[in-house]
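Reader: I have just opened this one and would like a guided look. Could you take me through some of it, piece by piece?

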Amino acid sequence: MADRFVLLGLAHARSPWFRDVGRWANAAAIPAEFVKCLTVEEVRARLAAGRPYSALLIDGSLPGADRDLLDTVTETGAAVFVIDDRHLRRDWLSLGASRILAADFTRSDLLDALENGARPISRADTLTLGPSTGDTVEPSWTGRLIAVTGSGGTGASVVSMALAQALSTDPRFRQLVLLADLALDAEQAVLHDARDVVPGVQEVVEAFRTGAPTSAEIRTMVFSTDRGDYHLLLGLRRHRDWAGLRPRAFDAAVAGLLHSYRLVVADVDADIEGEPETGVVEIEDRNLLARTAVRRASLTVVVGNPGVKGLHSLVRVVSALLDFGVAADTIVPVINRGPRGVRQRAEITLSFAELLDGARHGLANPVFISERRRVDDAIHDGTPLPARLGGDVSRAVLALLDREHRDSGAVPPADVEAVAIAPGSLGTFADFDENGDT
């Protein structure tokens with residue numbers, strides 16, 4: 001044969017099907033080469049070596065059988081066959097599996113799966129792999145993500161609270177706004193006086209690691225607040241808990257949140273450095289939450305303080321976002337605790353534009369939030385924040401979101417002429433009976 005299948009296997013060493021597939025391959029009962037692996041790390045190492053594979057056969061009961069591993073395999077063009085004993089009841093297909101096989105599958109079952117779901121590997125020295133067939137399909141409807149960030153001490157967490165509170169008063173978003181705490185040093189639980197610490201972002205990510213929760217199930221893992229008609233997703237319980245988050249599971253969790261809410265306000269860190277900037281993959285893993293949120297965000301609100309140090313920090317964060325690839329017209333600069341005087345605000349705006357060459361980048365002028373004396377009292381008493389705290393920021397955010405909606409092509413084509421409708425020409429409710437017929 002010119003072609004044959006090259007299979008990876010991951011299971012317990014004494015699994016019966018593991019032994020059977022190896023025996024079939026050695027006896028040429030199936031046109032395949034079978035490479036046995038006993039750990040997830042070995043599978044990843046073999047995939048990273050560059051050799052093409054037709055499929056991975058994996059025992060569904062293994063702890064490492066999750067969304068991240070399946071996505072890693074399908075990105076190489078290989079199929080994933082999950083051997084499930086039917087007791088796990090996981091939706092493997094939604095996690096990226098190509099086919100599910102029973103634990104007692106026969107040689108004919110495997111041949112059928114290979115012929116219909118895997119691609120044979122040429123014996124030629126070079127092989128061009130086709131596109132992945134296991135890409136996750138995004139829902140047709142998705143909400144908007146607004147990332148709120150800023151260097152330490154700028155009040156970015158409080159601004160994100162105020163923004164979520166202000167946006168939740170809009171009739172379009174009532175009960176459909178989520179404040180997600182995605183900072184490494186999560187503080188929204190303290191600011192909201194949350195009595196519970198679970199569930200939080202770790203539980204949501206874990207749910208997507210081995211499954212695909214529905215919107216109703218996601219809403220059971222968030223909390224209602226007393227400060228407005230928005231919900232709260234608690235953050236990491238400890239800074240070091242970032243090490244337990246898987247990249248693809250977290251990305252799927254963010255997509256699930258956006259499929260469940262019209263607006264997601266994410267409180268994130270300003271550190272978005274990754275492997276391309278530092279050469280260290282662990283830095284990218286640590287900054288996973290901020291990098292994912294900023295990459296997916298429709299808008300990024302950057303909070304800074306007045307003064308030399310505050311303006312320097314704001315410029316530094318905005319510059320990092322521009323280097324990361326964030327479009328300048330999607331950045332909303334905010335000066336928290338800003339001066340009330342028109343002259344002082346004009347000076348800060350001019351300095352900000354000169355330091356960043358705002359005219360060239362197309363950056364918007366900063367939005368100013370004046371000092372509010374009752375903020376600490378409201379946080380202490382658990383009452384809503386002053387309405388004007390997030391009012392100006394929410395108006396700027398809504399204006400940019402509406403502009404994005406208009407630019408997305410939702411406007412009728414130019415050659416379609418609007419037709420005036422005469423009052424009363426559509427009839428009245430009295431023209432319909434109780435069954436809806438005229």
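This is a predicted model: local features need pLDDT of at least 70, side-chain atom pairs count only at pLDDT 80 or more; totals for chains, interfaces and linings use all residues.

Reader: Which residue of β2 is the bridge partner of G9?

Author: The bridge partner of G9 in β2 is K36.

Reader: And in what sense do β1 and β6 pair?

Author: β1 pairs with strand β6 (residues 121–122) in the antiparallel sense, over 2 bridges, and in β6 the residue I121 is the bridge partner of R4.

Reader: Switching to helices now, at what angle do α8 and α10 pack?

Author: Helix α8 (residues 201–209) packs with helix α10 (residues 247–260) at an angle of about 105 degrees, and their axes are 8 Å apart. Angles of 65 to 115 degrees count as roughly perpendicular, and α8 and α10 are therefore roughly perpendicular to each other.

Reader: Which residues make that contact?

Author: From α8 the contact is made by V201, V204, V205, F208 and R209, while α10 brings A249, F250, A252, A253 and G256. Sorted by class, the contact of α8 with α10 has 8 nonpolar residues, 1 polar and 1 charged.

Reader: Which residues are buried in α8?

Author: The buried residues in α8 are V201, Q202, V204, V205, F208 and R209. They cover an arc of only 165 degrees around the axis, which puts them on the same side of α8.

Reader: What do the buried residues of α8 pack against?

Author: They pack against α10, and also against α3 (67–75), α4 (92–95), α9 (215–219) and β10 (230–233).

Reader: What about the loop between α7 and α8, where is P199 found?

Author: P199 is found in that loop, between α7 (188–191) and α8, and the peptide bond from V198 to P199 is cis, with omega near -5 degrees. D193 is also found in the loop between α7 and α8, and although D193 is not a glycine, its phi is positive, at about 55 degrees.

Reader: What is the relative accessible area of D193?

Author: D193 has a relative accessible area of 41%, which means that it is partly exposed.

Note on methods. Residues are numbered from 1 along each chain as its sequence is written. Side-chain values use heavy atoms; hydrogens and water are left out. Axes are lines fitted to C-alpha atoms, for helices over the stretch in contact, and angles run from 0 to 180 degrees between N-to-C directions. Helices (H or I, at least four residues) and strands (E, at least two) are DSSP runs, numbered from the N terminus. Angles under 35 degrees count as roughly parallel, over 145 as roughly antiparallel, 65 to 115 as roughly perpendicular and the rest as oblique. Contact means heavy atoms within 4.5 Å. Ala, Val, Leu, Ile, Met, Phe, Trp, Tyr, Cys and Pro count as nonpolar, Asp, Glu, Lys and Arg as charged, and the others, Gly among them, as polar. Buried means under 20% relative accessible area, exposed over 50%, partly exposed in between (1.4 Å probe, protein chains only). The arc is that of the directions from the helix axis to the C-beta atoms. Two strands pair if DSSP finds at least two bridges between them.
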